[in-house]
Amino acid sequence: MTDGACKEAAYEEARKCAHRIIKAREKTSHDLLKRLQEKGYSLGASEDVVKRFIEVGLVDDLRYTELYIRSAQYSCKGWSRIVRELRQRGIDTEYLDPPLEEDELERARAVIARLSLDTHKDRDKALRRLQNKGFSYGVAKQAISRQIDGEVF
């Protein structure tokens with residue numbers, strides 16, 4: 001087999017594998033490249049496949065980012081956690097617009113809506129939960145304070 005034929009065969013195998021990977025779940029270009037390399041495909045073949053998938057719209061980091069943010073906010077994740085998780089997936093988060101503080105506060109309050117906040121220990125537990133979800137300290141404290149004051153959603 002010639003060198004060109006070997007490269008073509010490697011590309012075709014990597015392309016088939018990439019189709020299986022993105023069929024299961026939307027991926028970022030970074031994630032797809034990483035997965036292909038983990039499966040043993042060469043860097044060159046993996047990069048060629050990812051580049052082609054971007055060209056034809058099978059992989060779209062902007063679409064992925066928008067869907068991920070919407071899903072994460074629906075799951076009541078805080079902005080800092082969303083940004084951290086997007087960075088882990090290879091997304092440049094520098095140009096993302098953070099949500100309005102009121103929207104972030106509303107999601108934080110939804111997280112603690114059913115929690116008891118009667119004691120100092122309960123409030124500390126709620127604060128840790130909110131911070132683990134990715135809410136800033138300020139938003140978490142404000143959500144707890146409003147919940148204690150009985151402010152209506």
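Student: Which residues in H6 meet which residues in H8?

Tutor: Glu101, Glu102, Glu104, Leu105, Ala108, Arg109 and Ile112 in H6 meet Val139, Gln142, Ala143, Ile144, Arg146 and Gln147 in H8, where contact means heavy atoms within 4.5 Å. By class, this contact of H6 with H8 has six nonpolar, two polar and five charged residues. This is a predicted model, in which local features need pLDDT of at least 70 and side-chain atom pairs pLDDT 80 or more, while totals for chains, interfaces and linings use all residues. Residues are numbered from 1 along each chain as its sequence is written, and side-chain values use heavy atoms, leaving out hydrogens and water.

Student: Why is H6 called oblique to H8?

Tutor: Helix H6 (residues 101–112) and helix H8 (residues 137–148) pack at about 60°, with their axes 9 Å apart. Roughly parallel needs under 35 degrees, roughly antiparallel over 145, and roughly perpendicular 65 to 115, with the rest oblique. Therefore H6 is oblique to H8. The crossing of H6 and H8 is right-handed.

Student: How do you know whether serine 46 is buried or exposed?

Tutor: Serine 46 has a relative accessible area of 0%, and buried means under 20%, exposed over 50%, partly exposed in between (1.4 Å probe, protein chains only). So serine 46 is buried. Its place is in helix H3 (residues 43–56), and its side chain reaches the backbone oxygen of serine 42 at 2.8 Å. Apart from neighbours within four places in sequence, serine 46 touches Leu33, Leu36, Gln37 and Tyr41.

Student: And what makes histidine 19 partly exposed?

Tutor: Histidine 19 has a relative accessible area of 31%, so histidine 19 falls in the middle class and counts as partly exposed. You will find histidine 19 in helix H1 (residues 3–24). Setting aside neighbours within four places in sequence, histidine 19 is in contact with Phe53 and Leu58. Histidine 19 and phenylalanine 53 are 34 residues apart in sequence, and 9.2 Å apart in space, C-alpha to C-alpha.

Student: Why does cysteine 76 count as buried?

Tutor: Its relative accessibility is 17%, which is under the cut-off, so cysteine 76 is buried. Cysteine 76 sits in the loop between helix H4 (61–74) and helix H5 (79–88).

Student: What is the phi of cysteine 76?

Tutor: Cysteine 76 has a positive phi of about 60°, although it is not a glycine. Most residues other than glycine have a negative phi.

Notes
Axes are lines fitted to C-alpha atoms, for helices over the stretch in contact, and angles run from 0 to 180 degrees between N-to-C directions. Helices (H or I, at least four residues) and strands (E, at least two) are DSSP runs, numbered from the N terminus. A crossing is left-handed if the near helix is turned anticlockwise from the far one by less than a right angle, and right-handed if clockwise. Ala, Val, Leu, Ile, Met, Phe, Trp, Tyr, Cys and Pro count as nonpolar, Asp, Glu, Lys and Arg as charged, and the others, Gly among them, as polar. A polar contact is a pair of N or O atoms within 3.5 Å; within protein, one must be able to donate a hydrogen and the other to accept it, and residues adjacent in sequence count only if both atoms are side-chain atoms.
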